[in-house]
Amino acid sequence: MTYQIKKAAVLGSGVMGSGIAAHLANIGIPTLLLDIVPNEVNNEEQTKGFSLEHPAVRNRFAQTALQKLLKQKPAPLTSKKNLQLITAGNLEDDLEKLKDMDWIIEVVVENLEVKKSLYEKIDAVRKAGTIVSSNTSGISVNAMVEGRSEDFGKHFLGTHFFNPPRYLKLLEVIPATTTDFEVVEFMKKFGEDVLGKGVVLAKDTPNFIANRIGTYGLLVSLREMQARGYSVGEVDSVTGPLIGRPKSATFRTLDVVGLDTFAHVAKNVHDLTTGEEQKVFEVPAFLDKMLENKWLGAKTGQGFFMKKEKEIFELNIDTLEYESVKKLTTPSMEMAKQQKGLSAKVKTLTYAKDRTGELLWSILSPTLLYSAELHGEIADDIVAIDQAMKWGFGWQQGPFEIWDAIGVNESVEKMKAEGLEIPYFAHSLLDKGFNSFYKEENGDQYFFDGNDYKIVPVNEKVIDLKRYKKKHGVIKSNAGASLIDLGDGIALLEFHSKSNSIGIDIVQMINFAVDEVEKNYKGLVIGNQGKNFSVGANLGMILMEAQDDNMFELDFVVRSFQNAMMKIKYSSKPVVAAPFAMTLGGGAEACLPAAHIQATTETYMGLVEVGVGLIPGGGGNKELYMKHLKGLPNGVQVDYQNVANKVFETIAMAKVSTSGEEARENNFLNFADGISVNPDHQLYDAKQAALSLAEAGYKAPIHEKVPVTGSPGYATLLLGAEGMFLSGFISEHDMKIAKKLAYVIAGGEVPYGTLVDEQYLLNLEREAFLSLVADPKSQARMQYMLVKGKPLRN
Ligand code: NAD
């Protein structure tokens, strides 16, 4: 049987249910969101004269959840418009509608009896073949499906999303013994390709993979902190980015998750385990006290941290008083910072003979041993365990990768000396004469499966550039960028400068890449796998030249950048840009002229130059204007002023999209550009896009003249800015920048509708850019951004 999910129902509209419904709406699936019927009318409903029978009352829970989706931060919706795809209802009046659904996902309270009784009702109405899944954090899927019909059993499984569902990558898929193999396979593929998740197959054991090991690690951290006398802030200063974990480290993570949720998850494993393991899952007395006091973290305003009058305090777990935040600073932390690469840093810290080393070793060693003990029980291989921890908890390395980093032999010796028991799985690795859980050979990765090394399966849709370069080398490289052969006739231009900022080396590589592709390839992808696509032009270099009054040099730089952008645009072979995360200023300008943009759901794109006292200088003003014009349907009477107004507003307000979809709404992407839901698939999708353009007989666009709004347009653009200036909303310098920007977008002093050359517009832009660069107030803005990382309003 083949499955397709065209319509879905989410049952339960709480924290997770509403987030999952939003995620489904984001990818275009119409979703029914149902919750229980309230048992009394509230004051507001009473004033409106509504009785318990009124639909607004009966749908209140789901309806309220929908409204919350618009206000939540970080935003669960990639565009507010997506809310229209979700219909609110209730579990009594709308149950019948479940018969039309392809997927029903249950997200109600974590209670076996409540879930089972709901499944009984679903079983009575669902059509054969409908997939039903539970978002349970840890209840046994086999226990939940007990008593259900055969068809229900075949189509039932666990689909465990992490909070918040739009942003956290992990999806654990947990089959029951009754689940059809095809359903599991379908869900894995659907989870990866359509939901855009990192899917891990987990076994039906308490709390599955990530929460089992993650909760264990957190409880060990609490235990060791107390036993060894560390403070909350001290633990966080070690267990965050320093060791490749999120900034929220241990305790801010717990505050965000909610201590009640955390205690609940811990209790679940506690109740299902015995002996020493069970003891670890016992929550410490101070946490019980915090629960009693309702110090549950962010949701109740205080937990391990509390914010008071802009200052943050940490909880002293002995006195339960809030104190100033303490941080650990030790020699090993300084030493680690000098090391290159996360593995070397973690190794230095773990064996350090100071307070950092003591804490880290005391937390890491039991967590690594526990992970090895669970191998085979919670997942079939270490790859699944490592991926689950990385994708569910935002760790940069999973437990077995960490173990390799600190050296398996060395650490096991130390563990043994401390009387710790080494699990069979770790033993067998060393007994066979191996010393790492993973190894790399010729760019391929292998993992230890308990017996020997097996190759880590290669997913053709996941192109890992680091590994790819190791295996296939590069065509050409300089300090800022490399050109790589991606195979099948497609080359890839990768930025790899600091923050991927664009300097003259990247410009040179763009020129080389286009020439090389025109000669020897079918198409070019501009993409990378850094933290951000690009934060913009190299501001430090621009400021330095400006302060030295090197205007001739700056003119050359801007001209070269503009020319390289034109080269991308008029390449005879298709160029596909693959922006993701922060794609700002020059980064966005490098995408706009491409034949196609393949963004990701999380693309934060904008021309933000005004924030540093400038306007876009690499053709961004012209390209955004032209992209806007091109996006309009053929044959309509075009109001150029309208287009100019929108472009002016977007650039003058330095608007940055909060998603790929919003980038499209802001006209950085047009209807034909693509958005990859799974960021790991982006380069593959971009390569496919380049290939299909090439195969469809791609030709370079013809140089067309651009209709501009001219002098009347300039005056109109400035109307709003002048109003803001007169009422004191913007400064004199803002007004100066606005005038320059308006002049460039309007195309200077020509009549409305004049057709001008692109080069004429580029010249206007370059002149405006250079005059602003020379202005001391703009230089102050650049300096402030470089030093403080935020814009200066002067
Ligand atoms: P929540 O408390 O925010 O929402 C629970 C929902 O269940 C509410 O909409 C509530 O109205 C509904 N409900 C209550 N009693 C019910 C009943 N008798 N019948 C039907 N519905 C009822 O909880 P949540 O955090 O969204 O958790 C929902 C599920 O997701 C749980 O199974 C939980 O373990 C799991 N989960 C939670 C998280 C998390 O971080 N919160 C993460 C992963 C999985």
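1. Helix 16 and helix 19. In this predicted model, helix 16 (residues 342–350) and helix 19 (residues 399–406) have axes that come within 8 Å and cross at roughly 70°. Angles of 65 to 115 degrees count as roughly perpendicular, and the two helices are therefore roughly perpendicular to each other.

2. Residues at that crossing. Helix 16 contributes Ser343, Val346, Lys347 and Thr350, which meet Ile402, Ala405 and Ile406 of helix 19. Sorted by class, the contact of helix 16 with helix 19 has four nonpolar residues, two polar and one charged.

3. Eight strands form an open sheet with mixed pairing, in the order 3-2-1-4-5-6-7-8. Its edges are strand 3 (86–90) and strand 8 (198–201), each of which pairs on one side only. On average, neighbouring strands of the sheet are turned by 25° against each other, direction ignored.

4. Strands 1 and 4. Strand 1 (residues 8–11) and strand 4 (residues 103–106) run parallel and are joined by four bridges. Within this pair, Leu11 stands opposite Glu106 of strand 4.

5. Helix 4 on the sheet. Helix 4 (residues 60–71) lies across strand 2 (31–35) and strand 3, and runs at about 150° to strand 3. Strand 3 is also one of the edge strands.

Technical notes
Residues are numbered from 1 along each chain as its sequence is written. This is a predicted model: local features need pLDDT of at least 70, side-chain atom pairs count only at pLDDT 80 or more; totals for chains, interfaces and linings use all residues. Side-chain values use heavy atoms; hydrogens and water are left out. Two strands pair if DSSP finds at least two bridges between them. Axes are lines fitted to C-alpha atoms, for helices over the stretch in contact, and angles run from 0 to 180 degrees between N-to-C directions. Contact means heavy atoms within 4.5 Å. Angles under 35 degrees count as roughly parallel, over 145 as roughly antiparallel, 65 to 115 as roughly perpendicular and the rest as oblique. Ala, Val, Leu, Ile, Met, Phe, Trp, Tyr, Cys and Pro count as nonpolar, Asp, Glu, Lys and Arg as charged, and the others, Gly among them, as polar.
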